[in-house]
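Let's take a look at how charged side chains pair up in a protein. Keep the structure open while you read.

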Amino acid sequence: MAYVALYRKYRPKNFDDVIGQKITVEILRNSIINNKISHAYLFNGPRGTGKTSVAKIFSRSVNCSNIKNGSACGTCESCKKIQENDVDIIEIDAASNNGVEEIREIRSKVKLLPTVAKYKVYIIDEVHMLSTGAFNALLKTLEEPPAHVIFILATTEIHKIPLTILSRCQRFDFNKVNSEEMFAKLKQICECEKKNLSDNIIRLIVSLSDGGCRDAINLLDQVLSLSIDNITEDEIYNIQGILSEDKIIDFLKTILQNDVVAGMKFLNDFVNSGKNLNNIVEQLLVLLHNVAIAKSVDDFFQSDRQKKYLSVDLNLENIKVLTNILIELENQMNKSTNQRNLFEIYYIYMSNVVNDCKNNKNNTVNVVESDEKKIKNKSKCETVTKDENVKHDFDLLKKIRINNVLATANKEELIKINRDYERITDFIANKVYNNIAALLLSGKVVAASSEYLLFSFDDKSLVQVFLFNMEKIEKFLSEIYNNDYKVM
């Protein structure tokens, strides 16, 4: 007999087998017992939480003539006919059948009476993938459905469902399965399969599945296929193509310590082992989230994990800065054909940003201004203009420079600046200017004159780093363009 994947083998067969969706199951069960069947249901929730399984259980139960506690008995004539030929339970994948014609075909068939069952049930999975025209066609059927038809719509992206559809369905939100129920389920599967796994390994599988029961069972299936007696946590991480939490903490610490050599070696080993850099970004984001919670809430995690997170030398402001940079990196990597180079640039950038913030933790701004006076390391800077000797705060300095560049900007100068802008990439490996080069490559020049350059960034944290390094930026740009530009 062909091997059956564990997630199919242990798929819930009745409402009692469903885990993690107690309220949803109770309402659906009672609606069947009390014969209060709606014509349309919408199941919303993360992948692998039981939406399609519950839809199938509900479909069989509403057609059972001998219901037992709200679930199909499996032995009555109706159940046997459905098992032999479930022609009246129609599953449609909206991802591949998302056009108007497919929905019109449903509309033409819903008027036909069920072949063997009491109700004809349409289960439309990933319903958010339907086109606008298809939704409009479906709406007409939902407005005036035949009495013998039930629609069950399933989605992971409820925000893409038109309100006109939502208002005509009973909505049920499926939650991520909690850890204890998931652990018990995996433990039960191991016993049924006559396999021994330590509780620590099972709990790690539960943790990596992030509340998705199907993901957890699939990972368990892979683990049980290993011909190893004592499976270690590292082997679980290898299956997932990710790093252990201890290793990702060690990697984060290379950023905090500005140890670029150790970080690059780490990245090289990771890539050479065939792993995906997107996973590191995801793990770093999760780690920063956990560190922020550990530093804000006492004893939120188990003592060993709480201690581990507290050992990371980051304050909440730096966590926010790094999180913003990682989110930007994640977006850029999805567009890039050379993820490794991109990751390395951002790695160097993050290392320098964190250390710049540490060095400037008193919020001093290090800038250069004016033909007559340098201003540095003051939270409120003094500027001397050519016409008057007046003290101004830094906000005024910004306004003056922005006004100056806008007043004197010309298109030819901007074209010249942007034409040579890629030369900045030559300094990514430069020990003196690598962080400045990475910073400027994250932004762009939006206005230029013979004396001033105005930069733009998508992230406010990058603007702050820019202000910390204005003197260094101006010196760097003089080497690139052979001109002493003032920047803002």
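Is Lys-176 buried, partly exposed or exposed? Lys-176 counts as partly exposed, because its relative accessibility is 45%. Keep in mind that this is a predicted model.

Why look at charge at all? Side chains of opposite charge can pair when their charged atoms come close. Searching the whole structure turns up 20 salt bridges. Here are three of them:

| Salt bridge | N to O distance |
|---|---|
| Asp-210 and Lys-176 | 2.9 Å |
| Asp-199 and Lys-187 | 2.5 Å |
| Lys-308 and Asp-246 | 3.1 Å |

Start with Lys-176 again, whose side chain meets that of Asp-210. This pair links distant parts of the chain, 34 residues apart. You'll find Asp-210 in the loop between helix H9 (199-209) and helix H10 (213-224), while Lys-176 sits in the loop between strand S5 (170-173) and helix H8 (179-192).

Next up are Asp-199 and Lys-187, joined by a salt bridge of their own. Here helix H9 holds Asp-199 and helix H8 holds Lys-187, with the two 12 residues apart. Asp-199 has 36% relative accessibility, so it counts as partly exposed. Lys-187 is also partly exposed, because its value is 28%.

Lys-308 lies in helix H15 (residues 303-310) and Asp-246 in helix H12 (residues 245-256), so the bridge ties together parts that are 62 residues apart in sequence. Lys-308 is partly exposed at 24%, and Asp-246 is partly exposed at 44%.

Conventions
Residues numbered from 1 in each chain as written. Predicted model: local features only at pLDDT ≥ 70, side-chain atom pairs only at ≥ 80, totals over all residues. Heavy atoms only, no water. Salt bridge = Lys/Arg side-chain N within 4 Å of Asp/Glu carboxyl O. Helix = DSSP H or I, 4+ residues; strand = E, 2+ residues; numbered from the N terminus. Buried < 20%, exposed > 50% of the residue type's maximum accessible area, 1.4 Å probe, protein only.
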